[in-house]
Amino acid sequence: MDNNVELIEQSALKEIESAASLEQINNIKIKYLSKKSELLSLLQNMKSLEKEQKIALGMKVNKAKETITNALEEKRVALEKEALEKKLQEQKIDITLDGNDFSRGSMHPFNIIVKEMVDIFSSMGYEIVEGPEKELDHFNFELLNVPKDHPARDMQDTFFINDKELLRSQTSPVQARVMLSRNGKGPIKIISPGKVFRRDDDATHSHQFGQVEGLVIDKNISLGDLLGTLQLFVKKMFGEKREIRMRSSYFPFTEPSVEVDISCFECGGKGCSLCKGTGWIEILGAGMVHPNVLKMCNFNVDEYQGFAFGIGIERTAMLKYGIDDIRRFYSNDIRFLKQFDEE
Ligand code: PHE
């Protein structure tokens, strides 16, 4: 029987040694240390033995039990450690992997055009100025040579807030604001991009749209300077091949006033549906600053002259990109917006 204890112990230790999982460890524990195990049943079969032999065998069995228990515990700890290390190894973050691709917004075509205009005019030395969208009648009309009850008020269907205030119908009030701030002293060379509001709504008109106002005041400024400036702007915005022409027009705050057309980029001037057969597309209004406006804004008309222009932002974008409906700018359709993603 003594030999048996040793044999059992040896075979248990051998099995523990080669165990590869916590499950196997458990099975070994049941096999060698449960009540019905070979080792513990030795104790039940020793009734026939002498007292001393009983004691000696009891001690041996207990010793073997302890040895096996310790070996099992040691192996369990080792296996758990191994499993943890393996897990850590497997879950190691690989910083060389590509990250998740998250969707990035792109610049709105309206803002792309504003940015281009700002770039073009700043390169010509213009300052960028902003004005309020809620404006006084005084700046939007009166200082621009449109007194109360003047028929020219009908040119723009204006949103009035009360007798004195309105949502500006044009960026031109910024002209008056800038001139007044200079106390009759030139030169002035500014552009002012921003939103304007009119009671209009169809494929080419929106109740809200953008304009870029331009104003130059100095000594010896002529219509030729306006023409040269706009020629340069059009070539930079629409391409070197584009020509412009001026047609006489009417704005209350400029004299003479002109409407500026650009040679059609679809047909090159031959006539097509885009230019309605004329070879020319209208892009902006402009003119020489009216003497009444200069006077009201404290400039000496014998000393100073100037020109002004107003360019539609959406209109420029529609022509440049071939956009058919102004409402696309405000409908938030990602498929439309994505087409202007520059990257
Ligand atoms: N403010 C005019 C409009 O909105 C455009 C314009 C600006 C015309 C400056 C002449 C000079 O129609």
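Modeller: The account below begins with the basis of the model, turns to the ligand shell, and ends with the sheet.

The model is predicted, so local features need pLDDT of at least 70 and side-chain atom pairs count only at pLDDT 80 or more, whereas totals for chains, interfaces and linings use all residues. Residues are numbered from 1 along each chain as its sequence is written, and side-chain values use heavy atoms, with hydrogens and water left out.

There are 15 residues around the ligand, and those that come nearest are Gln170, Ser172, Arg198, Gln211 and Gly310. A residue counts as near when one of its heavy atoms lies within 4 Å of the molecule or strand in question. Sorted by class, the shell holds 8 polar, 5 nonpolar and 2 charged residues. In this scheme, Ala, Val, Leu, Ile, Met, Phe, Trp, Tyr, Cys and Pro are nonpolar, Asp, Glu, Lys and Arg are charged, and the others, Gly among them, are polar.

Three of these residues place polar side-chain atoms against the ligand. For Gln170, such an atom is 2.8 Å from a ligand nitrogen; for Ser172, the distance to a ligand nitrogen is 2.9 Å. Arg198 instead faces an oxygen atom of the ligand, at 2.8 Å. The ligand taken alone exposes 330 Å², of which the protein buries 92%; accessible areas come from the Shrake-Rupley method with a 1.4 Å probe.

Strand 5 (208–218), strand 8 and strand 9 each provide at least two of its residues, and strand 9 gives the most, with 3. Strands are DSSP runs of E, at least two residues in length, numbered from the N terminus.

These strands belong to an open sheet of 7 strands with mixed pairing, in the order 1-4-5-9-8-7-6. At its edges are strand 1 (127–128) and strand 6 (244–251), each of which pairs on one side only. Two strands are taken to pair if DSSP finds at least two bridges between them. Strand 8 (residues 280–289) runs antiparallel to strand 9 (residues 305–312), and the two are joined over 5 bridges. Within this pairing, Gly287 has Ala308 of strand 9 as its bridge partner.

Definitions and conventions. Helix = DSSP H or I, 4+ residues; strand = E, 2+ residues; numbered from the N terminus. Polar contact = N/O pair within 3.5 Å; in protein donor to acceptor, adjacent residues only side chain to side chain.
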